Amino acid sequence: MNYDKVIKHCDECCSEYFRYASQMETMCPECSHFLYGYENCEHEFVNKRCVKCYWNGQHSEYVLNLINKSNEI
């Protein structure tokens with residue numbers, strides 16, 4: 001098995017992501033960053049997917065609200 005290409009589904013936003021790219025077992029790097037303060041991926045999108053972590057750019061409503069609140073400060 002090629003562990004670099006293991007694909008998981010994020011419990012928060014439902015996006016697929018490469019397992020190695022996240023510090024959390026059940027969340028993509030984007031959600032784990034905004035919810036728990038873990039390091040985020042420096043996303044690089046090609047064909048609507050990050051080539052580094054495979055995240056598709058979607059956010060849950062909850063994470064979107066957190067992002068919007070942080071942008072208001």
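Q: What makes the side chains of Arg 19 and Glu 25 a salt bridge?
A: Their N to O distance is 2.9 Å. A salt bridge is a side-chain nitrogen of Lys or Arg within 4 Å of a carboxyl oxygen of Asp or Glu, so the pair qualifies. The model is predicted: local features need pLDDT of at least 70, side-chain atom pairs count only at pLDDT 80 or more, and totals for chains, interfaces and linings use all residues. Residues are numbered from 1 along each chain as its sequence is written, and side-chain values use heavy atoms, with hydrogens and water left out.

Q: How many salt bridges does the structure hold?
A: Three. Another joins the side chains of Lys 8 and Glu 25, at 3.0 Å from N to O. Lys 8 lies in strand 1 (residues 7-9) and Glu 25 in the loop between strand 2 (16-18) and helix 1 (29-36), so this pair ties together parts 17 residues apart in sequence. Helices (H or I, at least four residues) and strands (E, at least two) are DSSP runs, numbered from the N terminus.

Q: Which residues are linked in a network of salt bridges?
A: Lys 8, Arg 19 and Glu 25.

Q: Why is Glu 25 called partly exposed?
A: Its relative accessible area is 42%. Buried means under 20%, exposed over 50%, and partly exposed in between (1.4 Å probe, protein chains only), so Glu 25 falls in the middle class. Lys 8, at 24%, is partly exposed. Arg 19 is partly exposed at 23%.

Q: What do the side chains of Arg 49 and Glu 16 form?
A: A salt bridge, at 3.0 Å from N to O. Arg 49 is in strand 4 (residues 49-50) and Glu 16 in strand 2, so the pair ties together parts 33 residues apart in sequence. Glu 16 has 23% relative accessibility and counts as partly exposed.

Q: Why is helix 1 called oblique to helix 2?
A: Their axes come within 10 Å and cross at roughly 55 degrees; helix 2 spans residues 61-72. Angles under 35 degrees count as roughly parallel, over 145 as roughly antiparallel, 65 to 115 as roughly perpendicular and the rest as oblique. That makes helix 1 oblique to helix 2.

Q: Which residues of helix 1 meet helix 2?
A: Cys 31, Phe 34 and Leu 35 meet Tyr 62, Val 63, Leu 66 and Ile 67 in helix 2. Contact means heavy atoms within 4.5 Å.

Notes:
Axes are lines fitted to C-alpha atoms, for helices over the stretch in contact, and angles run from 0 to 180 degrees between N-to-C directions.
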